Amino acid sequence: MQTMIQRLMGLEQRALFHLFYATGCRVGEINQIKQKHCSFEQIEGKEVFLIKIFTEKNKIQKVRICPINPVKEDWLVDGIDSYCGLKNPEQLLFDYTTRWINKLTHKAFGFNPHRFRHIRATHLMRDGWTNSQLKQFFGWSSDKPLNVYGHMNWKDLVPVVMGDN
């Protein structure tokens with residue numbers, strides 16, 4: 001994923017796709033993120049990069065917070081943070097139409113931006129995240145999305161069988 005995103009030319013485009021992958025955001029959620037919603041914080045003595053995501057379902061607004069490990073996923077944090085530094089805290093990071101984002105994603109990657117959500121969920125599952133952790137991270141209220149978003153196969157069982165996980 002890192003190599004695919006780094007191919008993009010501009011800092012703004014790279015930051016956009018870093019956010020899609022890092023948070024598993026939907027297009028409508030990406031368009032609501034402001035600079036002030038991305039920050040480094042100390043939690044239990046460790047520095048964590050936090051991204052606040054605002055979503056609305058059935059006219060009820062929810063906030064979910066996506067923590068990103070700045071050491072393990074430094075390429076993501078650097079890509080987002082360097083772009084955020086150019087923006088006013090109250091300014092939206094991106095002011096794109098859904099259509100434009102879809103066109104850009106298809107041109108750069110050959111797929112719909114929602115696929116980043118599936119890719120991130122699969123990667124987190126392979127990293128050993130539990131179902132409850134995934135539900136919290138993606139803002140799911142039931143277990144049903146776990147079956148839709150996680151794309152696992154028999155090869156993912158080998159580390160478990162071999163005792164590596």
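1. Start with α2 and helix α5 (residues 98-109): they pack at an angle of about 95°, and their axes are 12 Å apart. That makes α2 roughly perpendicular to α5 (65 to 115 degrees counts as roughly perpendicular, under 35 as roughly parallel, over 145 as roughly antiparallel, and the rest as oblique). Axes here are lines fitted to C-alpha atoms, for helices over the stretch in contact, with angles from 0 to 180 degrees between N-to-C directions. This is a predicted model, where local features need pLDDT of at least 70 and side-chain atom pairs count only at pLDDT 80 or more, while totals for chains, interfaces and linings use all residues. Residues are numbered from 1 along each chain as its sequence is written, and side-chain values use heavy atoms, with hydrogens and water left out.

2. Who touches whom there? On the α2 side look for Gln-13, Leu-16, Phe-17 and Phe-20, which meet Trp-100, Ile-101, Leu-104, Thr-105 and Phe-109 in α5 (contact means heavy atoms within 4.5 Å). By class, this contact has 7 nonpolar, 2 polar and no charged residues. For the classes, Ala, Val, Leu, Ile, Met, Phe, Trp, Tyr, Cys and Pro count as nonpolar, Asp, Glu, Lys and Arg as charged, and the others, Gly among them, as polar.

3. Helix α2 (residues 11-23) also packs on helix α4 (residues 74-84), at an angle of about 130° and with the axes 8 Å apart. That makes α2 oblique to α4. From α2 come Leu-11, Glu-12, Ala-15, His-18, Leu-19, Tyr-21 and Ala-22, and from α4 Trp-75, Leu-76, Gly-79, Ile-80, Ser-82 and Tyr-83.

4. Next, α6 and α7: their axes come within 11 Å and cross at roughly 150°. That makes α6 roughly antiparallel to α7. Arg-117, Arg-120, Ala-121, Leu-124 and Met-125 in α6 meet Leu-134, Phe-137 and Phe-138 in α7. Here the count is 6 nonpolar, no polar and 2 charged residues.

5. The largest pocket has a volume of about 410 Å³. A pocket is an open set of points on a 1 Å grid over the protein atoms alone, where a 1.4 Å probe fits, with protein on both sides within 12 Å along at least five of seven lines; lining residues have an atom within 4 Å of a point. Of the 17 lining residues, Val-48, Pro-67, Ile-68, Asn-69 and Trp-129 are the closest to the centre of the largest pocket. The elements giving two or more residues to this lining are β2 (46-57), β3 (60-68), α6 (115-126) and α7 (131-138). The lining of the largest pocket has 8 nonpolar, 3 polar and 6 charged residues.

6. The second largest pocket holds about 310 Å³ of space. Its lining has 14 residues, and the closest to the centre are Arg-26, Lys-57, Lys-62, Gly-139 and Trp-140. Both β2 and β3 supply at least two residues of this lining. By class, the lining of the second largest pocket divides into 4 nonpolar, 4 polar and 6 charged.

Terms used:
Helix = DSSP H or I, 4+ residues; strand = E, 2+ residues; numbered from the N terminus. Points joined across faces, edges and corners; volume = space filled by probe spheres on them.
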